[in-house]
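Hi everyone, thanks for making time. Let me put the model up on the screen, and then we'll walk through it together.

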Amino acid sequence: MYVRHRPLIKLVNITKRYGSEDAPFVLKGIDMEIASNDFVALRGVSGSGKTTLMNIIGLLDNPTAGNYYFNGDDISDMNDDSLSVLRNKRVGFIFQSFYLIPYLNVVDNVLLPRFYSGEHMGAEKERAVMLLDEFGMADKCKSKPSELSGGQQQRVAIARAMINNPDLILADEPTGQLDSATSQTIMEYIAKLPGKGRAVLLVTHDAQTAGFAHRTVYIQDGLLKAGEDLLREV
Ligand SMILES: Nc1ncnc2c1ncn2[C@@H]1O[C@H](COP(=O)(O)OP(=O)(O)O)[C@@H](O)[C@H]1O
Ligand SMILES: [Mg+2]
């Protein structure tokens, strides 16, 4: 049976507006909890605030107001250096456009978050290769991203997201650039990531992709809502 654990992420009345004080609020008061082994899909139409919310949860952007607790710690008490360390060590990112570094081979792309955290050592390569093997990419270690299909590039990006053994994986439209058969394969790999103290937040506008998650929350005009009927316009 699926059991929810303590909250890894807790958001209380999070708001966000970009730019000046007369700009409209993009997030209008978000309350949300993500348990430490959760697999949550965040669904909403284009422009509803999904990426904005994901960037805040991923510590890539600050909320305008509200409280954000990461594993019980209020992030507003942390300075930029502590936030960078938290983001680098505890959060893994998977993006629609993969964002692999073109001049690095596959293994070095996977190892990149280790370089950023200043912890790269020779032995780490073995872990990168092991991860690539888990995602069916062990035979492509020496390849450059341009030599890979979109689905293969995304599998490298999944391995990269896992290299620091993060508590939270954020995936923003991870199948947005892939055909439906490849999307299915990628989602099967992503579905293996949550559990054992790791949560996954999957951002998608797509019902079939969201179906892989344990639960779905819906966002509309910057507010979380219950009920799929809100997505009729998709
Ligand atoms: N950096 C930004 N500056 C100004 N407005 C932005 C910025 N990023 C997003 N927005 C606006 O915020 C709203 C929500 O965008 P976004 O979070 O990207 O939605 P989604 O990911 O659901 O498509 C949109 O109206 C968008 O134009
Ligand atoms: Mg988006």
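In which sense do strand β4 and β5 pair, and over how many bridges? Strand β4 (residues 65-70) pairs with β5 in the antiparallel sense, over two bridges; strands here are DSSP runs of E with at least two residues, helices are runs of H or I with at least four, and both are numbered from the N terminus. Pairing requires DSSP to find at least two bridges between two strands.

Before going on, some housekeeping: this is a predicted model, where local features need pLDDT of at least 70 and side-chain atom pairs count only at pLDDT 80 or more, while totals for chains, interfaces and linings use all residues. Residues are numbered from 1 along each chain as its sequence is written, with chains lettered from A and ligands numbered from 1 in the order in which they are written.

Back to the strands. Y69 has D74 of β5 as its bridge partner. The open sheet has four strands, running β2-β1-β4-β5, with antiparallel pairing. At its edges sit β2 (25-35) and β5 (73-74), each pairing on one side only.

Now, ligand 1. Around it we find Y18, V26, G44, S46, G47, S48, G49, K50, T51 and T52, counted when the C-beta atom, placed from the backbone, lies within 6 Å of the ligand. Helix α1 (residues 50-57) gives the largest share of that shell, three residues. By class, the shell has seven polar, two nonpolar and one charged residues; Ala, Val, Leu, Ile, Met, Phe, Trp, Tyr, Cys and Pro count as nonpolar, Asp, Glu, Lys and Arg as charged, and the others, Gly among them, as polar.
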